[in-house]
Amino acid sequence: MNPYLIVVALVCFSSCAIPSANAAPCLVVTLTGTQGGPPAFNGLAGSGTLVRYGDDGNDCGNVKLQFDAGRGTSMRLSQISVQPGQLSAIFFTHVHSDHTDGFGDLMQLRWFYNSEGPRIDVVCSSDTASPRGFALSCNKFAMHIGDAFLQSGEIAQRHSENEKRLPRGPSGLINVVTFEPRNEPQVVWSAGDVKVSAIRSMHIAGHASYRVDTPAGSVVVGGDASNDVAAPPRASSTSDQVERLAKGADVIVHSTVHPVMAPERGSGMPSSSFHRQSTAGDLGAMAKRTGARHLMLTHLIPSIGAERHGGWKVPGGPLTADDYRKAVEPSGFAGNLVVGTDLASVRLPATAAQR
Ligand SMILES: [Zn+2]
């Protein structure tokens, strides 16, 4: 063999997959689904946000964190070449199905192709008793995610084809990490120089909001948080705890309701449903107060172009992205406003083309 080729091979083994020491750190925040709530409309994926961190040498891809996993998450991830087996951890803000019903698909795929591991951390609130007495359990949700496929016999059938697949199905690949949500930020997950903190927030019992801190910047994922005071009069529809968590963060990703859906405008949306979301205007004001550079509105209620939101009508007809911009404008938020569409992204630092 040509000795020159051997040298090239050795150099490659020792450095090709490893970024150079001076590669710049970077963070990419991508909306993997922007549908607000349970309806299915116009092919939008269900709620979710992917946060990638790394450096120039690995396309910001050392760590891949998925926050919520609504309908169609695996399809959106496939469009940006992220496979379920590559996710480092999944975080849930709460166990409503519009934030969780893509999880079974993600985990079944991970089990199918990556049963040899590693296991994935699923991070969420510990079991909570709701005010009406029933329990909300992210832990049980995760641990039973493969039950229907166990019952149908698919797990046994595919295991018989390939014995490397875990016989107990996808739950065997999950490491559930639960925490008691508190009113102050607490670190709930970390890896290298990536730290994820959580805070208690209101929407349903057990709801939590998250913040990711990295050397390239920080992002807060609010989920469906709203103010602890369930209805007006209150200073804002946004959560005081999320505001605390977001102080100084670069990016805020947050579920949004447009004020046109207010019950007094004739939408038919129940007051309790409307008031447990944050309005676009109040999110702009919160982002201004915390000093965010980017506000990404997601989980839009109603979806852009929709005449109805589930069973409720959109008074005055379908909204445009501009209608959401106009709702934020009076807040004076002067940063970059992203009215969420599936796969909309913010990169820190911005590339020359994005500046
Ligand atoms: Zn929701």
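**Exercise 1.** State the average pLDDT of the protein, and determine how residues 1-20 should be read.

Solution. The model is predicted. The protein has an average pLDDT of 94, and 94% of the residues score at least 70. Over residues 1-20, however, pLDDT stays under 50. For this stretch the model has five contacts beyond four places in sequence. Where pLDDT is low, predicted coordinates should not be read in detail.

**Exercise 2.** Determine whether Glu 184 is buried or exposed.

Solution. Begin with the location: Glu 184 lies in the loop between β8 (174-179) and β9 (186-191). Next, count the neighbours: Glu 184 has 10 C-beta neighbours inside 10 Å. A residue is exposed if that count is 12 or fewer. Glu 184 therefore counts as exposed. Finally, consider Gln 241: it is 57 residues from Glu 184 in sequence, yet their C-alpha atoms are 7.3 Å apart in space.

**Exercise 3.** Identify the buried residues of helix α10 and explain how they are arranged.

Solution. Helix α10 spans residues 321-328, and Tyr 324, Ala 327 and Val 328 are buried in it. Viewed down the axis of α10, the buried residues fall within an arc of 100°, so they line one face of the helix. An α-helix has 3.6 residues a turn, so residues three or four places apart point the same way. The buried residues of α10 pack against α9 (280-290), β14 (294-301) and β17 (336-339).

**Exercise 4.** Name the residues that touch the most other members of the largest nonpolar core.

Solution. This core contains 84 residues. Leu 27, Phe 91, Val 219, Ile 252, Leu 295 and Met 296 touch the most other members. Among the residues that Leu 27 touches are Val 51, Cys 60, Val 219 and Leu 348.

Key: Residues numbered from 1 in each chain as written. Predicted model: local features only at pLDDT ≥ 70, side-chain atom pairs only at ≥ 80, totals over all residues. Core = buried A, V, L, I, M, F, W, Y, C linked by C-beta atoms within 7 Å. Buried ≥ 20, exposed ≤ 12 C-beta atoms within 10 Å, placed from the backbone. Contact = placed C-beta atoms within 7 Å. Helix = DSSP H or I, 4+ residues; strand = E, 2+ residues; numbered from the N terminus. pLDDT = per-residue confidence, 0-100. Arc of directions from axis to C-beta.
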